[in-house]
Amino acid sequence: MRRDELHYELPPERIAQHPIEPRDAARLLVLDRTTGRIEHRVFRDLPQYLSAGDALVLNDTRVIPARFFARRATGGRIEVLFVHETADGWRVLFRPAARLRTGQTLACEGDATRLELVGPAERGQWLVRPQPPLAPLDLLTRVGRTPLPPYIRRSKPEPGDVDRYQTVYARQPGAVAAPTAGMHFTPELLAALDRAGVRRADVTLHVGAGTFAPIEADDLADHRMHAEWIAVSGAAIDALRVTRATGGRIVAVGTTAARVLESLPEGTLHEGGRAASASGWTDIFIYPPYRFRHVDRLVTNFHLPGSTLLAMVMAFASPDLIRKAYEVAVAERYRFYSYGDAMLIL
């Protein structure tokens, strides 16, 4: 597949700048892969498309306040985005980064912590070491802000973003971007699904900054995907095996949950599968003509042109069907991206 096949026209005013209230009042475009039929619903109608015995797979990662500011010795202000911790320090992104040099030290705004610049790392990141040494959340909870994506054009996050750029079931801190398809769920909607006999399986993928990185290779086969940490408990695998064994459908909530599932080896979710649990880094890149092994239905938002997320959605349905659905969504004035509306692909 070619990168230019991931292009579509989106008027800037269709990019949602604020979330809708309540969460489950977002619109829901329902696309049937078999017939091509499109329906226009509201997200709280989701239970009408699920049955007892189906399993909803939720990414329980929690967005951390990963964005903060630091000062150079000259007083120049630098925006810092924490990416993840490694054995040798922290991986971060700086903006601007052009004048930064190995060996420099930055002073964190609002805190006594300083960042020693160890050196450049992959994909524009820097390796830094905090002085004095401390856990990332010890600093971020003091000075960090909600890391809203760059297409939400505000000078700074608003107080409501702390809760709204987060799912109601977020548990495991570590993401620097939200698994946005899950942000439409409310406790009441989850309770309704429970009453309807829909299972839930929590998995974890700590969404990284690479989720916003555009595909730069002309041929998607040449793109190197960023790696993200995943974890699947034994309880989740058991629930999904029961779902498979009893004829239920596995419904991935978001491309992140789908990436977790598709990172599992073939046969993992079948009766007799060997894996008791799973964790580690995944760099799986899903694009047409990928064959999904573990996902039957997909809940997702509307994604950026040229993105790996759009490529995955095209692989789940087909490029032609997704282009048609996106054209309809634009014409019907759906709201796009993180704070936007949702799609259910049957």
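**Stop one: a helix pair**

Select residues 254–262, helix H5, together with residues 308–316, helix H6: the two pack with their axes 11 Å apart, at an angle of about 70 degrees. Keep in mind that you're looking at a predicted model. An angle from 65 to 115 degrees counts as roughly perpendicular, so H5 and H6 are roughly perpendicular to each other. Turn the view to see how they pass: H5 crosses H6 in a left-handed way.

Now show side chains at the contact. On the H5 side, pick Thr-255, Ala-258 and Arg-259; they meet Leu-309, Met-312 and Val-313 of H6. Colour them by type and you get four nonpolar residues, one polar and one charged.

**Stop two: the sheet**

Next, bring up the strands. Nine of them make an open sheet with mixed pairing, and you can trace the order E2-E1-E17-E16-E14-E3-E12-E13-E15. The edges are E2 (38–42) and E15 (278–282), each of which pairs on one side only. Look along the sheet for its twist, which averages 20 degrees from one strand to the next.

Zoom in on E13, residues 228–232, which pairs with E15 in the antiparallel sense over five bridges. For a landmark, click Glu-228: its bridge partner in E15 is Thr-282.

**Last stop: back to H5**

Terms used
Residues numbered from 1 in each chain as written. Predicted model: local features only at pLDDT ≥ 70, side-chain atom pairs only at ≥ 80, totals over all residues. Heavy atoms only, no water. Axes fitted to C-alpha atoms, helices over the stretch in contact; angles between N-to-C directions. Helix = DSSP H or I, 4+ residues; strand = E, 2+ residues; numbered from the N terminus. Parallel < 35°, antiparallel > 145°, perpendicular 65-115°, else oblique. Left-handed = near helix turned anticlockwise from the far one by under 90°. Contact = heavy atoms within 4.5 Å. Nonpolar A, V, L, I, M, F, W, Y, C, P; charged D, E, K, R; others polar. Pairing = 2+ DSSP bridges.
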